[in-house]
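Dear colleague,

I am passing on the structure below, together with some notes on what turned up when I went through it. Please read the notes with the model open beside you.

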Amino acid sequence: MSSTHVPAATSRREQILKEAARLFAERGFHGVGVDEIGAAVGISGPGLYRHFAGKDAMLAELLVGISERLLEGGRIRAASGGDSPAAVLDALIEGHIDFALDDRPLITVHDRELDRLREADRKRVRRLQREYVELWVQVVREVYPASTEADARASVHAVFGLLNSTPHLSRPGALPGRTEMAALLHRLARGAFATVGADEGASGRVDEGASGRAGGGVGGPGRPSAPSGTSGQSR
């Protein structure tokens, strides 16, 4: 479990996207002008056009970009997350919690503004999100072999909904510290997934390693395991 979370240095383009996401989340896509986004990063509104064609392009890059990053990050974690399916599930949960805690504005923007994307971009987001969900479903079924595909998929969507609820807890003091919140979300996610194997436990079929880790939640990585993806990164 990582004790600290150090953000990477950001480029001017990334700064613009971060401020655009924050403003879109606070005031809605149509409630924000290009000049305001520029002012938030210290450049003139027209100067933004050296980086983006306009607000529509920013929105598309935000929502397509986060869906791509979640899927790619999920694939990397699945490939190197550990020597057991339970360890891989913990790694996936950790990665999605990082997203849910560090990119809360994107969750809000996804929920409100996805339908404003061009059809091609919207379809791309949905395709990426489906692939992300199926990656999780495969791992959940490896941890709980007797679970049905439908139950595993439903549990993945439910856990995304749980983890992506963080924007609704953004009042000052509503959240504990980042480390504590990450650990709490991880325990909640593992507890939710454990119910998929409840019948297995009753019949004695559940794997002992998976069962032990599911109860405690924070097994290996202490941080939670995403929009997609964003609001559920799953939609």
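This is a predicted model: local features need pLDDT of at least 70, side-chain atom pairs count only at pLDDT 80 or more; totals for chains, interfaces and linings use all residues.

**V34 and K55**

The other notes concern two residues that touch each other, V34 and K55. V34 lies in helix 2, which takes in residues 34-41, and this valine counts as buried because its relative accessibility is 16%, where the cut-off for buried is under 20%. Leaving aside neighbours within four places in sequence, V34 is in contact with G45, L48 and Y49 as well as with K55. The C-alpha atoms of V34 and G54 are separated by 7.6 Å, although the two residues are 20 residues apart along the chain.

K55 belongs to helix 3, which runs over residues 55-80. What does K55 touch, if residues up to four places away in sequence are not counted? The list consists of F24, F29, H30, V32, V34 and I37.

K55 is buried yet has no salt bridge, and the nearest side chain of opposite charge, that of D56, is 6.9 Å away. The side chain of K55 does, however, reach the backbone oxygen of F29, at 2.7 Å.

Note on methods
Residues are numbered from 1 along each chain as its sequence is written. Side-chain values use heavy atoms; hydrogens and water are left out. Helices (H or I, at least four residues) and strands (E, at least two) are DSSP runs, numbered from the N terminus. Buried means under 20% relative accessible area, exposed over 50%, partly exposed in between (1.4 Å probe, protein chains only). Contact means heavy atoms within 4.5 Å. Lys and Arg count as positive and Asp and Glu as negative; His and the chain ends are not counted. A salt bridge is a side-chain nitrogen of Lys or Arg within 4 Å of a carboxyl oxygen of Asp or Glu. A polar contact is a pair of N or O atoms within 3.5 Å; within protein, one must be able to donate a hydrogen and the other to accept it, and residues adjacent in sequence count only if both atoms are side-chain atoms.
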